[in-house]
Amino acid sequence: MKPNPVDWSGSRALVQQLSHAKLKSAMTRYCRGQVIDLGCGGKPYQSYCRGRKYLGVDKRGGDIQGDLFKLDLGKNCADTVICTQVVEHVTDPGRLFKLVYDLLKPKGHLILAAPFVWPLHDEPHDYWRFSPYGLKQLSRQAGLTVVSCQPLGGYLALIWQLVAILLERPAYGRAWTNRLYRAGLRAFFSLVQPLIYSLDQIKPIKGAAIVYLLVAKK
């Protein structure tokens with residue numbers, strides 16, 4: 001199974017590549033049976049669930065549309081729950097973990113990704129950033145057993161990703177200078193970002209990450 005292609009010319013290519021690589025690995029190992037993707041968005045990870053029953057849930061897309069906490073999705077109905085880049089937008093993170101616990105069958109797995117360092121987005125509904133210890137604590141409070149909680153990349157990836165977002169700022173606008181800068185920047189990103197990714201994978205310096213990936217079990 002090949003990972004979804006990443007456009008290295010984009011400013012967020014590094015975090016996308018890290019997410020796809022780590023989620024593919026986790027989903028290959030833990031996904032089984034009925035999979036429910038909470039906050040699925042455009043379903044970027046559905047291809048990693050081939051051969052599984054996949055149900056995407058989102059406010060504005062997916063197979064079922066609506067508020068996660070108002071929908072009747074059932075109980076003990078999922079073998080795997082996926083939840084990526086959602087928990088930071090929930091006013092009560094503990095409530096989301098409790099929902100996951102209710103959805104999972106015994107011995108079912110949660111695969112959840114949450115930001116540790118990332119600019120504000122989807123404002124004003126951006127409430128939290130999570131350390132691995134915070135994610136583990138939320139899991140335990142909900143009755144889940146932590147299997148692993150790993151960073152997506154290390155300091156090098158983190159620093160570059162923030163630099164890439166800042167470099168993109170002058171590209172906004174319709175003037176010919178903005179368009180020229182934008183074209184040059186995309187070419188620069190295409191050359192540099194695969195190298196940054198490769199260097200970061202050699203021996204990531206731990207202690208901070210763009211995103212943490214949690215796997216927990218009921």
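Buried means under 20% relative accessible area, exposed over 50%, and partly exposed in between, with a 1.4 Å probe and protein chains only. The model is predicted, so local features need pLDDT of at least 70 and side-chain atom pairs count only at pLDDT 80 or more, while totals for chains, interfaces and linings use all residues. Residues are numbered from 1 along each chain as its sequence is written, and side-chain values use heavy atoms, with hydrogens and water left out.

**Exercise 1. Classify Arg-12 and Glu-168 by accessibility, and describe the link between them.**

Step 1. Glu-168 has 19% relative accessibility and therefore counts as buried. Arg-12, at 33%, counts as partly exposed.

Step 2. A salt bridge is a side-chain nitrogen of Lys or Arg within 4 Å of a carboxyl oxygen of Asp or Glu. Arg-12 and Glu-168 form one, with their closest N and O atoms 3.2 Å apart.

Step 3. This pair links distant parts of the chain: Arg-12 is in the segment before H1 and Glu-168 in helix H4 (residues 155-168), 156 residues apart. Helices (H or I, at least four residues) and strands (E, at least two) are DSSP runs, numbered from the N terminus.

**Exercise 2. Describe the backbone and the side chain of Lys-43.**

Step 1. Lys-43 lies in the loop between S1 and S2. Lys-43 has a positive phi of about 55° although it is not a glycine.

Step 2. The side chain of Lys-43 meets that of Asp-63 in a salt bridge (3.0 Å, N to O). Asp-63 is in the loop between S2 and strand S3 (64-65), 20 residues from Lys-43.

Step 3. Lys-43 is partly exposed, with a relative accessible area of 25%; Asp-63 is partly exposed as well, at 42%.

**Exercise 3. Describe the largest pocket and the second largest pocket.**

Step 1. On a 1 Å grid over the protein atoms alone, a pocket is an open set of points where a 1.4 Å probe fits, with protein on both sides within 12 Å along at least five of seven lines; lining residues have an atom within 4 Å of a point. A volume is the space filled by probe spheres set on the points.

Step 2. The largest pocket has a volume of about 1300 Å³. Of its 40 lining residues, Gln-85, Val-86, Glu-88, His-89 and Asp-122 lie nearest the centre. The lining divides into 17 nonpolar, 12 polar and 11 charged residues. Helix H1 (residues 13-30) gives the most to this lining, with 4 residues.

Step 3. The second largest pocket holds about 210 Å³ of space. H1 supplies the largest share of its lining, 5 residues. H1, strand S6 (145-151) and strand S7 (211-217) each supply at least two.

**Exercise 4. Locate Asp-122 and Pro-124, and state the backbone feature of each.**

Step 1. Asp-122 is in the loop between S5 and H3. Asp-122 has a positive phi of about 50° although it is not a glycine, and it is exposed, with a relative accessible area of 53%.

Step 2. Pro-124 lies in the loop between strand S5 (104-115) and helix H3 (132-142). A cis peptide bond joins Glu-123 and Pro-124, with omega about 5°.

Definitions and conventions:
Ala, Val, Leu, Ile, Met, Phe, Trp, Tyr, Cys and Pro count as nonpolar, Asp, Glu, Lys and Arg as charged, and the others, Gly among them, as polar.
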